[in-house]
Amino acid sequence: MFLQNAIPAETADLATAAGLPRPGTARSIIEFERVAVAYGRDAAATQALAESSFRIDEGDFIALVGPSGCGKSTILKLVAGLLKATSGHVFVARREVGAEDVRIGMAFQNPTLLPWLSIRKNVMLPLKIAHPFRKDWRQKRNGEYRDRADALLAKVGLLDFADKFPWQLSGGMQQRASLCRALIHEPTLLLLDEPFGALDQFTREELWATLQTLWMERRPTVLLVTHDLRESAFLANRIMVMSARPGRILVDERVDFPRPRTLDTTVQPEFTNLTHALRGLIVAARSGAGGQS
Ligand SMILES: Nc1ncnc2c1ncn2[C@@H]1O[C@H](COP(=O)(O)OP(=O)(O)OP(=O)(O)O)[C@@H](O)[C@H]1O
Ligand SMILES: [Mg+2]
């Protein structure tokens with residue numbers, strides 16, 4: 001695969017020095033075994049995901065990219081247990097989805113904050129709902145849980161806005177609060193569906209750094225869906241490129257740039273080579289050429 005040529009060997013060595021996981025050394029947390037999805041039945045069915053098998057290691061950071069409608073959100077929904085596979089098996093933490101008790105955090109393209117709750121209360125919401133936090137909710141909501149929310153809000157520069165309502169914040173600020181909410185219950189798995197899609201370039205790049213810091217500190221497994229190739233190369237350890245619908249994984253590549261990555265990283269030739277190569281693949285995938293290989 002020509003993408004491998006885009007990443008010089010010395011960056012791989014730096015990655016080892018930075019303590020990044022090597023392929024095959026960690027335990028896998030997500031396993032897709034010949035999973036396919038069709039929406040609807042019989043003649044009216046839309047084949048969304050072609051039979052796909054892959055594994056994702058614990059603590060890894062994956063970017064999922066591909067043409068619109070290829071099944072990226074479908075994959076996130078399968079992992080979250082919001083959707084059942086038409087065939088095949090989805091395992092999360094070595095249990096088939098539906099039976100497991102894994103903590104999952106999610107954030108979507110549009111911040112989905114509740115308008116009648118303050119920013120702090122929005123961020124605290126998973127602690128009120130999710131096991132095992134909910135049993136201590138009454139006891140801790142004005143103490144430990146509140147402190148936990150404030151610590152996260154401080155990290156993304158929103159502590160001064162904790163008592164404001166979502167509509168009093170800009171889109172970027174709301175998206176930051178959504179990230180805090182996705183992280184507050186210290187999820188093992190963080191599912192992000194184009195979380196920065198609606199933001200301007202500057203805010204988006206700021207949030208890349210924020211997300212990278214949060215990931216480096218807590219090391220959840222992240223599955224990020226994005227259309228932004230620079231974003232995938234900046235954030236991910238591994239990029240999976242999908243074909244047009246019915247989607248399947250066309251390319252699965254490690255990205256071993258050392259961490260923490262900065263905006264300087266994005267102007268290095270290795271980085272721009274990688275994003276150019278990815279762009280070529282997506283163009284081929286959109287036109288269907290990639291799907292035949
Ligand atoms: N509830 C549904 N009912 C019927 N078809 C659906 C449903 N949800 C998705 N699809 C179809 O399945 C395919 C994959 O959808 P999915 O939402 O996973 O795409 P995506 O890769 O996330 O696209 P985008 O980049 O535009 O968000 C699409 O072609 C879509 O038309
Ligand atoms: Mg989608």
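Biologist: Where is the place of Thr226?

Modeller: Thr226 sits in the loop between strand 8 (221-225) and helix 9 (229-235); helices (H or I, at least four residues) and strands (E, at least two) are DSSP runs, numbered from the N terminus. A caution first: this is a predicted model, where local features need pLDDT of at least 70 and side-chain atom pairs count only at pLDDT 80 or more, while totals for chains, interfaces and linings use all residues. Residues are numbered from 1 along each chain as its sequence is written, chains are lettered from A and ligands numbered from 1 in the order in which they are written, and side-chain values use heavy atoms, with hydrogens and water left out.

Biologist: Is Thr226 buried or exposed?

Modeller: Thr226 is buried, at a relative accessible area of 3%. Buried means under 20% relative accessible area, exposed over 50%, partly exposed in between (1.4 Å probe, protein chains only).

Biologist: And what does the side chain of Thr226 reach?

Modeller: The backbone nitrogen of Asp228, at 2.9 Å. The Thr226 side chain also makes a polar contact with the side chain of Glu231 (3.0 Å). For a polar contact, take a pair of N or O atoms within 3.5 Å; within protein, one must be able to donate a hydrogen and the other to accept it, and residues adjacent in sequence count only if both atoms are side-chain atoms.

Biologist: OK, ligand 1. Which residues are around ligand 1?

Modeller: Among them are Tyr39, Lys72, Ser73, Glu194 and Arg245, each with a heavy atom within 4 Å of the ligand. Helix 3 (residues 72-80) gives the largest share of that shell, three residues.

Biologist: Which polar side-chain atoms lie by an oxygen atom of ligand 1?

Modeller: One belongs to Ser73, 2.8 Å from a ligand 1 oxygen, and another to Arg245, at 3.3 Å. From the backbone, a polar atom of Gly71 is 2.9 Å from an oxygen of ligand 1.

Biologist: Last one, how many residues of helix 7 are buried?

Modeller: 12 of the 13, so helix 7 is largely enclosed by the rest of the structure. Its buried residues pack against elements including strand 6 (104-107) and helix 8 (201-218).

Key:
Contact = heavy atoms within 4.5 Å.
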